[in-house]
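Okay, thanks everyone, let me put this one up on the screen.

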Amino acid sequence: MAEQRTEDDSSTKEVGEVEKEKQQKNMDRELLSCLLQPTSIGVDPDYIGMRRLLLHRKAEAAVLRRKDWKCNGKGYVAFRNYIRRPRNWESSRIPSLQSTPGSSGRWILPPSSISALHEVDSWSSIKDLQSQRRSSFSSNASDNSQLHTRRTEFAYSFVGMHCIFDQCKVAVTVLKFGHMSSDLLAYGAADGSLTVCNVSEPSSTVKHLLGHSKDFTDFDFSSNNQYIASSSMDKTVRVWEISRGICIRVIYGVSSQLCIRFHPVNNNFLSVGNANKEITVFNFSTGRIVTKLVLDSEVTSMDHDHTGQILFCGDGNGYVYSVSMNSHTGALSRAHRQWCSSRRKSPVCTVQYRSFSLLARGPVLLTCTQDGNLSFFSIALEVQGYLTLRCSLKLSPRMHSIRASFCPLLSLEKGEYIVAGSEDSNVYFYDLTRPKHTCVNKLQGHQFPVIGVSWNHGENLLASSDLYGTVIVWKRSKIS
């Protein structure tokens, strides 16, 4: 018996020694690669030893990170996107489901946190993800679906039409309320005119600004609502002083000016996108060009984040760009590009930023393309505005550039609500968190396709414009 025990002990010791030798050999390969590096003359040996030890640990960490990636072999770009993903990527993922918004369209399933950065290997894996998300979502949504429906219906009930402006006889292409204003409304038309109104009772037209010779494409209020900067198909940018009703500056370009924004922090900068694939930053005071950046297609829409350090731009091919901007010098640099259209070469009609969303637990971006694709992105500001698609709603394709908008205050209670015009002359409200029946309400009153929508600051008034010049301001019911 004693001889058998000694033999067993010796065998176990031999097995343990062999495993230790294997581990030492595996570890020594990477460690020797660091230790055998040639030393530099005049360098502290302690520094060299510490550096080699850190390099060895870095190699181990990289191996573990590649194992955690689970998609190795897709190429350098895919792995780079993975390691630059925002923090808490897995935990912040929000499931979204296939559903139908009334009779308007259908949901497109967004990719998961991993497949958003890499290609999915097979269609079977997508089906598995869909089945998992359906089962997880139905258990959560069944508990309080009736309560959610009642709150939504009450939140989106409207008293009726607050006022109507029908002086314009051509299409009202864009309309906006003033910054932090509940009463100041302006709208631009296809004949180049800009009308400023006061919607407080009784409603009235404040100024009628004439200067552009072709279609109005976009405008923006300054932070103090004293000035309006406008762009037009006549290749000019004009700055208006509202109180005096005059144009104080005209900036001439070489192509049609399609979108325009004041810088949210430095109001001396004016960003303009044109049909020549350029983003141009002008000095508001002098009218001189500060800097330019060329994209891949015509710049059709844009919006700043709240810090003014990132400019989001949509182009004529259906891409959205995250552009870094220096608030002091105005310098621009491309950071990221995201596809947001279901068809090739479908212009992005709407790019709208919002600083916080309950659905994404952070800043978000809304895009709308002319082929009817509504996309909802979460934004990683710490990674130069990296966009992650959370959900995408497919509506029917449009012939006109129809705009959409967030419903920020109504989305704070629950859900994620979007309002958009339609070519069937209605205004539609969508809840992006609903698995079915995404359309929660519609407003009927226009006789022609609805192009533009805009909320006032208190979100008790909604303005909408149509193809034949009618602007309707709707009044929402008070929520106690």
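So let's start with I289, which is partly exposed, because its relative accessible area comes out at 48% and partly exposed covers the range between under 20% for buried and over 50% for exposed. Keep in mind that this is a predicted model. I289 sits in strand β14, residues 289-294. What does I289 touch once you leave aside its neighbours within four places in sequence? That would be T280, V281 and F282. And if you look across to S271, 18 residues apart from I289 along the chain, the two C-alpha atoms are separated by 10.0 Å.

The largest pocket holds about 1400 Å³ of space. It has 46 lining residues, and the closest to the centre are F177, H179, D303, Q352 and Y353. Several elements give two or more residues to that lining, among them β3 (172-177), β15 (299-304), α6 (408-413) and β27 (450-455). Which element gives the largest share? That's β19, with 7 residues. By class, you get 19 nonpolar, 18 polar and 9 charged residues in the lining.

Last stop, a sheet. This one is open, with 4 strands in the order β23-β24-β25-β26, paired antiparallel. From one strand to the next, the twist averages 20°. Zooming in, β25, residues 426-431, is joined to β26 by 5 bridges, antiparallel, and N426 stands opposite Q444 of β26.

Okay, over to you.

Notes:
Residues numbered from 1 in each chain as written. Predicted model: local features only at pLDDT ≥ 70, side-chain atom pairs only at ≥ 80, totals over all residues. Heavy atoms only, no water. 1 Å grid on protein atoms, 1.4 Å probe; cavity = no way out; pocket = protein on both sides within 12 Å on 5 of 7 lines; lining within 4 Å. Points joined across faces, edges and corners; volume = space filled by probe spheres on them. Nonpolar A, V, L, I, M, F, W, Y, C, P; charged D, E, K, R; others polar. Buried < 20%, exposed > 50% of the residue type's maximum accessible area, 1.4 Å probe, protein only. Contact = heavy atoms within 4.5 Å. Pairing = 2+ DSSP bridges. Axes fitted to C-alpha atoms, helices over the stretch in contact; angles between N-to-C directions.
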